[in-house]
Amino acid sequence: MIDVILGLQWGDEGKGKIADYLTPKYDVVARFQGGPNAGHSLEFEGKKFVLNTIPSGIFHKTTLNLIGNGVVIDPVRLGEEIARIQSECPDYKDRLLISQKAHLILPTHRILDAASESAKGDAKIGSTLRGIGPTYRDKIGRSGLRVGDILEADFNNRYAAIVADHLKMIQFLGYTDFNLKEEEDKFFQALEFLKTHQLINSEYFINDCLSQGKKILAEGAQGSMLDVEFGSYPFVTSSNTLTGGVCTGLGVAPKHIGKVYGIFKAYCTRVGSGPFPTELDNDLGEEIRVKGHEFGATTGRKRRTGWLDLVALKYTIMLNGVDELIMMKGDVLNGMENLSVATDYEVNGTISQQVPSNLCSTQVNPIYREFPGWGENLSHLQGFNNMDDSFKNYVHFIENYLEKKIGVISLGPQRDATVIKNA
Ligand code: IMP
């Protein structure tokens, strides 16, 4: 079976920490979508790492890690990421497998990302500018280059043809702020390094693992509200971030999907543009941002902050078929006098518990329920049953509303700041 772990909000829920925490139970951890727009933070033994493309199981010495076909890979960034983990994982090459069908992010994909964002002006998506959208566009448009192509004799010719097309588009957009030669030098050097890794036919690998009864964890990136189909389109990423994406992003049949873990923060954040009904664009929002260190792990950008949105959460639980919830960063709300969660949306005078199909053009007024805060002393050392009643009420209200149990509560970035709720 393949268990799945994914974010239920707009990304940055803390998937890296939980994937790392769950890894000892699994033989393989696999990424199935996204690319270096992700930033999965892991902390242990006083060390901190941010992973972008490499699965979060890499620090466990017996776990295999697969970058699946649904991922888009920037060889330059992957090389930099490997350099950051190499001293901690000198044996990483034995345990890192890369799908030959994963698409390559070319230097001109990154330039195109910047060119189209700057051409959009105020309507920009707030992309991470890692080339994600243009790479997936070429994949769907059937003109992309894949990891396996770098082993073919005609790679350079195909590369040149695509780059010529990209340059026409970049010129059309009037964008000139780049040095392609410099980027290409780094890119071709990084391709040589990439060739020294295990580049595999990953759909056979993963299905062999399933036949052998191995336990696999699929690690989502971004968040469900950034899914290209069901997220706050067009302010989304360009991949399928939901459970459904596991099947196409790894090459496994739906019947192999096992337990789905859905991760959410005790409040809400979003980075980049787009609708955010429960946003706190005020001092309170700033307080949460500072206490929660809500700055992008990949780009350093300020994350927008807001109250927990149960309407959106119920929607993404439904879309993903979540079995168990994991709540992150409850400690960030420590010391607040009162806090709120959105239980309904008011849309054109009607109360609804559904996310409108066009969240961007619909005026949504969240209806909140207020809760008393729980003081400063919340700690994972207490165990759930001994925690402040106000915190327990908050948790139980969320569970009752969502009709789903929260199995794990995280109260800090370290591996051990984690409470198994029903233990
Ligand atoms: P892109 O995926 O870089 O094209 O960005 C599209 C949108 O998704 C932007 O609003 C980004 O800020 C957001 N986004 C992309 N990756 C992440 C992530 O890992 N965490 C949170 N937001 C993300």
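A: The lining of the second largest pocket holds six nonpolar residues, five charged ones and no polar ones. (Nonpolar covers Ala, Val, Leu, Ile, Met, Phe, Trp, Tyr, Cys and Pro; charged covers Asp, Glu, Lys and Arg; the others, with Gly, are polar.) This is a predicted model: local features need pLDDT of at least 70, side-chain atom pairs need 80 or more, and totals for chains, interfaces and linings use all residues. Numbering starts from 1 along each chain as its sequence is written, and side-chain values use heavy atoms, without hydrogens or water.

The charged side of the lining includes Arg77, Arg110, Arg130, Asp177 and Glu183. Helix α4 (residues 107-120) gives the largest share, four residues. (Helices are DSSP runs of H or I with at least four residues, strands runs of E with at least two, numbered from the N terminus.) The pocket's space is about 150 Å³. (A pocket is an open set of 1 Å grid points where a 1.4 Å probe fits, over the protein atoms alone, with protein on both sides within 12 Å along at least five of seven lines; lining residues have an atom within 4 Å of a point.)

Next, helix α2 (residues 75-85). Its buried residues include Pro75, Val76, Leu78, Glu81, Ile82 and Ile85. (Buried means under 20% relative accessible area, exposed over 50%, partly exposed in between, with a 1.4 Å probe and protein chains only.)

Now the aromatics. There are 15 aromatic pairs. (Ring centres of Phe, Tyr or Trp, its six-membered ring, lie within 6.5 Å; planes under 30 degrees apart are stacked, over 60 edge-to-face, the rest tilted.) Phe397 and Tyr401 make a tilted pair, with 6.5 Å between centres and 35° between planes. They sit four residues apart in helix α12 (residues 389-402), so about one helical turn separates them. Phe397 is buried at 19% relative accessible area. Tyr401 is buried too, at 12%.

Last, the backbone. The peptide bond from Tyr233 to Pro234 is cis, with omega near 5°. Pro234 lies in the loop between β10 (216-219) and α9 (244-250). His293 is not a glycine, yet its phi is positive, near 50°. His293 sits in the loop between α10 (283-291) and β13 (304-306), and is exposed at 60% relative accessibility. Asn348 also has a positive phi, about 50°, without being a glycine. The loop of Asn348 runs between β16 (338-347) and β17 (350-352). Asn348 is exposed, at 72% relative accessible area.

Terms used
Grid points are joined across faces, edges and corners, and a volume is the space filled by probe spheres set on the points.
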